[in-house]
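Hello,

Here is the structure I promised to pass on. Please open it first, then read my notes below.

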Amino acid sequence: MEYNTDRPQLLMPEYGRNIQQLVEHCKTLQTKEERNEMALAIIEFMGQRNPHLRDEENYKHKLWDHLFILADHNLDVDSPYPILTAEELITKPRKMDYPSLENDYKFYGKSILQLIETAIALEEGDEKDALIQVIANNMKKSYNVYNKEHVQDDVIFRHLKELSKNRLDLTGLDSLDKSKIYYATNRNNNNRNSNRNQNHNNNNRKNNFQNHKNKRR
């Protein structure tokens, strides 16, 4: 009996020993035409054995890369993609630059800065006013989450003015409570709470009525 410990090590165990043996056999074929034909059949077999790869982007490219890994990068076939070398496999990818915010208000995040630039580019009008108020409300939420304390609206207005280099100014507004966005949001929340309380009261009345009937019986 032959044990797995006596067999060559699997380079990619998830594909199993049968595919590994097929790749090894492909390497022994005499002509390139034969190797190309068998390589295509192996790729098809690999895709069937690992159907989850079909959900990934460029899964065919990945299968060909895996084929060359299984062949220990020693397989002379025509690949439709650049052939993966052993050196490329061990090369570490370039470290991605982490976006840094060059201001004192990093807790607002990069998305707020992008929204500010979008608002600056808009023409004067209701759309721009609404977006500025949305930005201010989100800035207030971010500030409260990061600093764990309540912040006055005038502080948010001052920060917004500084971040926009004086191009967005809400300092003429007494508070965010008087903005259209605030009223719309809270009106919707109040309506939902009112409906929820009404349903709860109706259910209580029904339960009380049913209990009263049961007691009379």
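Glu 117 and Arg 167 meet through their side chains in a salt bridge, at 3.9 Å from N to O. This is a predicted model, so please read every value as computed. Glu 117 belongs to helix H5, and Arg 167 sits in the loop between H7 and H8, so the pair ties together parts that are 50 residues apart in sequence. Glu 117 counts as partly exposed because its relative accessibility is 42%. Arg 167 is also partly exposed, at 43%.

In general, side chains of opposite charge can pair when their charged atoms come close. How many salt bridges does a search of the whole structure find? The search gives nine.

Another one joins Lys 140 and Asp 153, with the closest N and O atoms 2.8 Å apart. Lys 140 is in helix H6 and Asp 153 is in helix H7, 13 residues apart. Both Lys 140 and Asp 153 are buried.

A further salt bridge pairs Asp 76 with Lys 32, at 3.6 Å from N to O. This pair links distant parts of the chain. Asp 76 is in the loop between H3 and H4, while Lys 32 is in helix H2 (residues 32–49), and 44 residues separate them. Asp 76 is partly exposed at 44% relative accessibility. Lys 32 is partly exposed too, at 30%.

Next, the loop between H3 and H4. Val 77 is found there, between helix H3 (59–70) and helix H4 (86–90). Is Val 77 buried or exposed? Its relative accessibility is 4%, so Val 77 counts as buried. Leaving out residues up to four places away in sequence, Val 77 touches Lys 32, Arg 35, Asn 36, Ala 39, Trp 64, Phe 68 and Ile 83. Val 77 and Met 38 are 39 residues apart in sequence, yet their C-alpha atoms are 9.5 Å apart in space.

Asp 72 lies in that loop as well. Its phi is near 55 degrees, a positive value in a residue other than glycine. Asp 72 counts as exposed because its relative accessibility is 52%, and the cut-off is over 50%.

Now helix H7 (residues 153–163). Which of its residues are buried? They are Asp 153, Val 155, Ile 156, Phe 157, His 159, Leu 160 and Leu 163. These buried residues pack against helix H5 (110–121) and helix H6 (126–147). Just after H7, Lys 165 takes a positive phi of about 55 degrees. Asn 166 has a positive phi as well, about 65 degrees, although it is not a glycine. Asn 166 is in the loop between H7 and helix H8 (180–216). With a relative accessible area of 57%, Asn 166 is exposed.

Last, the second largest pocket. It holds about 170 Å³ of space. It is lined by 14 residues, and the closest to its centre are Pro 8, Arg 17, Gln 20, Gln 21 and Glu 24. Which helix gives the largest share of the lining? Helix H1 (residues 16–28) does, with five residues. By type, the lining has five nonpolar, three polar and six charged residues.

Best wishes

Definitions and conventions
Residues are numbered from 1 along each chain as its sequence is written. This is a predicted model: local features need pLDDT of at least 70, side-chain atom pairs count only at pLDDT 80 or more; totals for chains, interfaces and linings use all residues. Side-chain values use heavy atoms; hydrogens and water are left out. On a 1 Å grid over the protein atoms alone, a cavity is a set of points where a 1.4 Å probe fits but cannot get out, and a pocket is an open set with protein on both sides within 12 Å along at least five of seven lines; lining residues have an atom within 4 Å of a point. Grid points are joined across faces, edges and corners, and a volume is the space filled by probe spheres set on the points. Helices (H or I, at least four residues) and strands (E, at least two) are DSSP runs, numbered from the N terminus. Ala, Val, Leu, Ile, Met, Phe, Trp, Tyr, Cys and Pro count as nonpolar, Asp, Glu, Lys and Arg as charged, and the others, Gly among them, as polar. Buried means under 20% relative accessible area, exposed over 50%, partly exposed in between (1.4 Å probe, protein chains only). Contact means heavy atoms within 4.5 Å. A salt bridge is a side-chain nitrogen of Lys or Arg within 4 Å of a carboxyl oxygen of Asp or Glu.
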